[in-house]
Structures are given as C-alpha cells and as structure tokens.
Amino acid sequence: MKRFSIGSAVTAGIMGTLAMTAMMYMTPLIGLPKMDLIGALGQALPIGLPVYVTGGFVHLGIGVSLAIVYALAFATWLPGSRPVKGALYSILPWIFATVALVPAIALLHSLLPAAATVPALNPCGAVANPCAAVVAANPCGAVASGTGAAPSATLLAMMSLMAHLLYGVVVGA
C-alpha cells in the first residue's frame with residue numbers, strides 16, 4: 001500500500017485544478033460557453049481583492065483540499081487504475097458543485113448590491129474570442145452571444161462534469 005504524501009497530494013491538486021481551469025476557459029474555442037468559475041467565486045466573496053485573485057485562490061484551495069481528501073480517503077479503495085480512481089472520485093465533487101455550490105454562488109450574487117455583481121475584467125487582459133465570443137452578465141449563467149439565450153442547464157452540467165473528470169484523472173495519475 002502506498003503511503004500518503006501531503007506534498008504529492010498538494011502537487012496533484014494544483015495540477016488538477018490548473019488542468020480543469022484551462023479546460024473551463026478554453027471551451028469558447030469550440031463554440032461552448034465560457035465557464036467563468038473563478039470570476040463567479042471572486043464576485044461572490046467581495047473581500048477587497050481583485051475578483052480573479054480572490055476567485056483563483058478559492059478555486060485553488062478547493063482543488064488542493066479535494067486532492068488531499070482523495071489521497072487520504074479514496075485512493076486506496078476505489079477500483080481501477082490510478083487515473084480511473086481519480087475520475088471516479090471526481091464525480092463526488094461534481095455532484096456537490098452542481099447541487100450545492102452553483103446554487104449557493106447564485107444566491108450570494110442575488111444578495112449582493114447590483115454594483116458588486118458587474119462582471120469583472122480579467123486582470124491578465126483577456127482578448128475576446130472572435131470565433132465564439134461569450135457575454136456573461138452572471139458568470140454562473142453565461143449567455144452565448146448571437147443567441148440571446150442562456151445555455152441549457154444540462155449543457156452546463158455536462159461541461160462541468162467533463163472539467164471535473166479531467167481534474168480527477170490528473171489528480172489520480
């Protein structure tokens with residue numbers, strides 16, 4: 001049986017979170033809405049730091065914490081290879097995110113004054129994607145430009161599942 005290593009778990013959490021985040025922000029390149037979770041987290045917690053700094057630290061903290069939980073409680077008994085074990089584990093955080101986290105962020109956004117919920121600009125100077133631009137008044141409910149309609153809840157849930165599975169595969173590996 002492999003011994004638990006906090007350093008390995010933290011590294012896996014960072015790598016998994018970075019992979020998941022990259023996937024979420026690259027979805028417009030294939031015509032899907034951008035999943036601006038970092039912006040949503042940062043806006044839900046207005047603590048005086050730039051939105052993407054707050055959201056980035058929260059997202060990274062959650063990813064590292066979940067990787068430690070995986071290493072301590074799930075890695076030894078889930079079936080399959082290491083990437084399969086991680087993917088299986090990632091279904092639990094996905095269910096939590098879908099059932100509890102997204103509604104909680106939406107609730108926090110509804111409780112904030114209107115000025116606090118204005119979408120934040122990316123401090124890194126993001127350029128709009130000319131192939132599939134996304135306009136998001138609320139990062140939890142992106143609206144694809146040109147359609148005027150929000151993507152279906154099923155589409156957003158499946159996009160989230162794919163991002164969580166990628167996180168799990170990276171953490172498990």
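This is a predicted model: local features need pLDDT of at least 70, side-chain atom pairs count only at pLDDT 80 or more; totals for chains, interfaces and linings use all residues.
The protein chain folds into five helices and two strands, where helices (H or I, at least four residues) and strands (E, at least two) are DSSP runs numbered from the N terminus. Read along the sequence, the order is α-α-α-α-β-β-α. Residues are numbered from 1 along each chain as its sequence is written, and side-chain values use heavy atoms, with hydrogens and water left out.

Of the 173 residues in the protein chain, 33% are buried; here buried means under 20% relative accessible area, exposed means over 50%, and partly exposed is in between (1.4 Å probe, protein chains only). As for contacts (heavy atoms within 4.5 Å), take those in the protein chain with a separation of 6 or more: 64% of them join residues 24 or more positions apart.

The largest one has 18 residues, and Met24, Tyr70, Ile105 and Val171 touch the most other members. At least two residues of this core come from each of α1, α2 (37-44), α3 (51-74), α4 (82-111) and α5 (153-172). Val171, leaving aside neighbours within four places in sequence, is in contact with Ala12, Gly13, Gly16, Ala67 and Tyr70.

How do α1 and α5 sit against each other? Their axes are 8 Å apart and the packing angle is about 150°. Axes are lines fitted to C-alpha atoms, for helices over the stretch in contact, and angles run from 0 to 180 degrees between N-to-C directions. The two helices α1 and α5 are therefore roughly antiparallel, given that angles under 35 degrees count as roughly parallel, over 145 as roughly antiparallel, 65 to 115 as roughly perpendicular and the rest as oblique. On the α1 side, the residues that meet α5 include Ala12, Gly13, Met20 and Met24, and their partners in α5 include Met162, Leu166, Tyr167 and Val171. By class, this contact of α1 with α5 has 12 nonpolar, four polar and no charged residues; Ala, Val, Leu, Ile, Met, Phe, Trp, Tyr, Cys and Pro count as nonpolar, Asp, Glu, Lys and Arg as charged, and the others, Gly among them, as polar.

Also in helix α1 (residues 6-26) is Thr21, which is buried with a relative accessible area of 15%. Not counting residues up to four places away in sequence, Thr21 touches Ile38 and His59.

Then there is α2, where eight of the eight residues are buried, so the helix is largely enclosed by the rest of the structure. The cover over these buried residues of α2 includes α1, α3 and α4. With α3, α2 packs at an angle of about 105°, with axes 7 Å apart, and the pair α2 and α3 is therefore roughly perpendicular. Among the residues making this contact are Leu37, Ile38 and Leu41 of α2 and Val51, Tyr52 and His59 of α3. The contact of α2 with α3 has six nonpolar, seven polar and no charged residues.

Finally, Ala104 lies in helix α4 and is partly exposed, with a relative accessible area of 36%. The C-alpha atoms of Ala104 and Ala44 are separated by 9.1 Å, although these residues are 60 apart along the chain.

Definitions and conventions:
A nonpolar core is a set of buried Ala, Val, Leu, Ile, Met, Phe, Trp, Tyr and Cys residues joined through side-chain atoms within 4.5 Å.
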